[in-house]
Amino acid sequence: MAELQDIGVAQIQLTGGEALTRFDDVLALLRSARPDSDVWMLTSGVGLTEVRARALAAAGLRGVSLSVDHPDLREHAAFRGVAGDGAWVRSAAKAARSAGLVLALNLVVRREAANEAFLNAYLAMAGELGAAFVDQLLGGLRRR
């Protein structure tokens, strides 16, 4: 952290794999950071409870960017290979917001998602979750 901050990095994103699987290490990194950088976590949200979100915020985390692949959370869960309705996304979003963390969603736009109807539905879902903004990355759009 100190090396990044010493060269003037203004925003640091902690990711993985899944950053929450190394929760204690993440807390140690956050506690070592000076307050002159915004530190964010990119996560699936699995395992982000209110207790954990509050600990992350207290240690200096600014925001959480949840990776969500589809506006229908059942479809999101299926895309991730998980049974169920994707309830962990709603739970993680609520935990982040209740801890005072800025909430963002992260979408990798694949070919099937590169249309107005999908993106509008995604933005509506992001609003329902209380996201402050959506990061969209292009991926898988090239012709084969």
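**View 1. Two aromatic pairs turn up in this predicted model.** Here we zoom in on W40 and F133. Their ring centres sit 5.7 Å apart and their planes meet at 55°, so this pair counts as tilted. The two partners come from distant parts of the chain: W40 belongs to strand β2, while F133 belongs to strand β5 (residues 133–138), and 93 residues separate them. W40 is buried, with a relative accessible area of 9%, whereas F133 is partly exposed, at 36%.

**View 2. F118 and Y122 make a stacked aromatic pair.** Centre to centre, the rings are 6.5 Å apart, with 20° between the planes.

**View 3. Helix α2 (residues 23–32) has its buried residues on the same side.** Look for F23, V26, L27 and L30, the buried residues of α2. They share a side because they cover an arc of only 100° around the helix axis. What do they pack against? Their neighbours are β1 (11–14), β2 (38–43) and α3 (50–59).

**View 4. Helices α2 and α3 pack together.** Their axes are 8 Å apart, at an angle of about 25°, which means α2 runs roughly parallel to α3. From α2, the contact uses F23, V26, L27, L30 and R31; from α3, R52, A55, L56 and A59 join in. Sorted by type, the contact residues are seven nonpolar, two charged and no polar.

Note on methods. Residues are numbered from 1 along each chain as its sequence is written. This is a predicted model: local features need pLDDT of at least 70, side-chain atom pairs count only at pLDDT 80 or more; totals for chains, interfaces and linings use all residues. Side-chain values use heavy atoms; hydrogens and water are left out. Buried means under 20% relative accessible area, exposed over 50%, partly exposed in between (1.4 Å probe, protein chains only). Helices (H or I, at least four residues) and strands (E, at least two) are DSSP runs, numbered from the N terminus. The arc is that of the directions from the helix axis to the C-beta atoms. Contact means heavy atoms within 4.5 Å. Axes are lines fitted to C-alpha atoms, for helices over the stretch in contact, and angles run from 0 to 180 degrees between N-to-C directions. Angles under 35 degrees count as roughly parallel, over 145 as roughly antiparallel, 65 to 115 as roughly perpendicular and the rest as oblique. Ala, Val, Leu, Ile, Met, Phe, Trp, Tyr, Cys and Pro count as nonpolar, Asp, Glu, Lys and Arg as charged, and the others, Gly among them, as polar. Rings of Phe, Tyr and Trp (its six-membered ring) pair if their centres lie within 6.5 Å; planes under 30 degrees apart count as stacked, over 60 as edge-to-face and the rest as tilted.
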